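Thank you all for making time this morning. I would like to walk you through one structure, and I will go slowly enough that you can follow each residue on the screen.

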Amino acid sequence: MEAFYTIQGEGSHTGKAAYFIRIGGCDVGCHWCDVKESWDARTHPPTLTDQIVSDAAKYAKTVVVTGGEPSMWQLDYICDELQNKGIKTHVETSGAYPLTGSWDWICLSPKKTKLPTEAIYPVAQELKMIIHNKSDFKFAEEQAAKVSENCVLYLQPEWSKREKMIPQIVDYVMANPKWHISLQTHKYLNIP
Ligand code: SF4
């Protein structure tokens, strides 16, 4: 769908310069999704993977593959080509489909509308739960029970509800310190 060089705004790698590759196509259907234009892959003309990789190599040593939902696609080739160029491969996925590709960092962000496949829980290095309302804390705990003990746990306010939910998230993390707070810092910085 698009590719751009920016700063990773969320989660464990916040603040790191990275080249983002946004893959079109998603059928997970989060009502608060901030990239709904990504949902229909047919509206985004395909780009040759070799072109994407050579563009990425001009900018960064870290690539973040996001979407849309990357797990809907076969990603072995793009990961191999990026890693052959010494580029770290990060992915942001809901885990709704079996994940292909070789990843240096897997950020799993489960969604209630289409739960992750079981295989992704043990390999996720970061669990990022979006908090839109109070019931999302319960869902976050259910998902945290399924990842490995080394997986870093994040609660991130859904952007449109941030003023309401940030105080609740702060209280929750102080009461449950296994969790960390993630904010969409790129939105505060006014960058993509
Ligand atoms: S999984 Fe991501 S891209 Fe898909 S609807 Fe949800 S927030 Fe949007």
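Asn190 is exposed, with a relative accessible area of 72%, and it belongs to the segment after helix 5. Please keep in mind, for this residue and for every other one I mention, that we are looking at a predicted model. As background, most residues other than glycine have a negative phi, and most peptide bonds are trans.

That background also applies to the peptide bond that joins Gly67 and Gly68, which is cis, with omega at about 10 degrees. Gly68 lies in the loop between strand 3 and helix 2, the latter covering residues 76–84, and Gly68 is also one of the residues that surround the ligand.

Let me stay with the ligand for a moment. Around it we find Cys26, Val28, Gly29, Cys30, Trp32, Cys33, Trp39 and Gly68. How does this shell divide into nonpolar, polar and charged residues? Six of them are nonpolar and two are polar, while no charged residue is part of the shell. The space that the ligand takes up is the largest pocket.

I now turn to the aromatic rings, where a search of the whole structure gives five aromatic pairs. One of these is formed by Tyr19 and Tyr59, which are stacked, with 5.3 Å from centre to centre and 15 degrees between the planes. The pair links distant parts of the chain, since Tyr19 is in strand 2, residues 17–23, whereas Tyr59 is in the loop between helix 1 (49–57) and strand 3 (62–67), 40 residues apart. Are the two partners buried or exposed, or something in between? Tyr19 has a relative accessible area of 6% and is therefore buried, the cut-off being under 20%, whereas Tyr59, at 45% relative accessibility, counts as partly exposed. Together with Tyr5, Tyr19 and Tyr59 form one aromatic cluster.

A further aromatic pair consists of Trp159 and Tyr188, and here the arrangement is edge-to-face, with 5.0 Å between the centres and 75 degrees between the planes. Because Trp159 lies in the loop between strand 7 (152–157) and helix 4 (162–175), and Tyr188 in helix 5 (residues 185–188), the pair ties together parts that are 29 residues apart in sequence. Both partners are partly exposed, Trp159 with a relative accessible area of 23% and Tyr188 with one of 47%.

I will finish with two glycines in loops. Gly95 is found in the loop between strand 4 (88–93) and strand 5 (105–108), and it is buried, with a relative accessible area of 0%. Its C-alpha atom is separated by 7.3 Å from that of Leu115, a residue 20 positions apart from Gly95 along the chain. Gly15, in the loop between strand 1 (2–7) and strand 2, counts as exposed at 52% relative accessibility, because the cut-off for that class is over 50%. From C-alpha to C-alpha, Gly15 and Ser182 are 12 Å apart in space, although 167 residues separate them in sequence.

Definitions and conventions
Residues numbered from 1 in each chain as written. Predicted model: local features only at pLDDT ≥ 70, side-chain atom pairs only at ≥ 80, totals over all residues. Heavy atoms only, no water. Near = heavy atom within 4 Å. 1 Å grid on protein atoms, 1.4 Å probe; cavity = no way out; pocket = protein on both sides within 12 Å on 5 of 7 lines; lining within 4 Å. Sits in = over half its atoms within 2 Å of the grid points. Nonpolar A, V, L, I, M, F, W, Y, C, P; charged D, E, K, R; others polar. Phe/Tyr/Trp six-rings, centres within 6.5 Å; stacked < 30°, edge-to-face > 60°. Helix = DSSP H or I, 4+ residues; strand = E, 2+ residues; numbered from the N terminus. Buried < 20%, exposed > 50% of the residue type's maximum accessible area, 1.4 Å probe, protein only.
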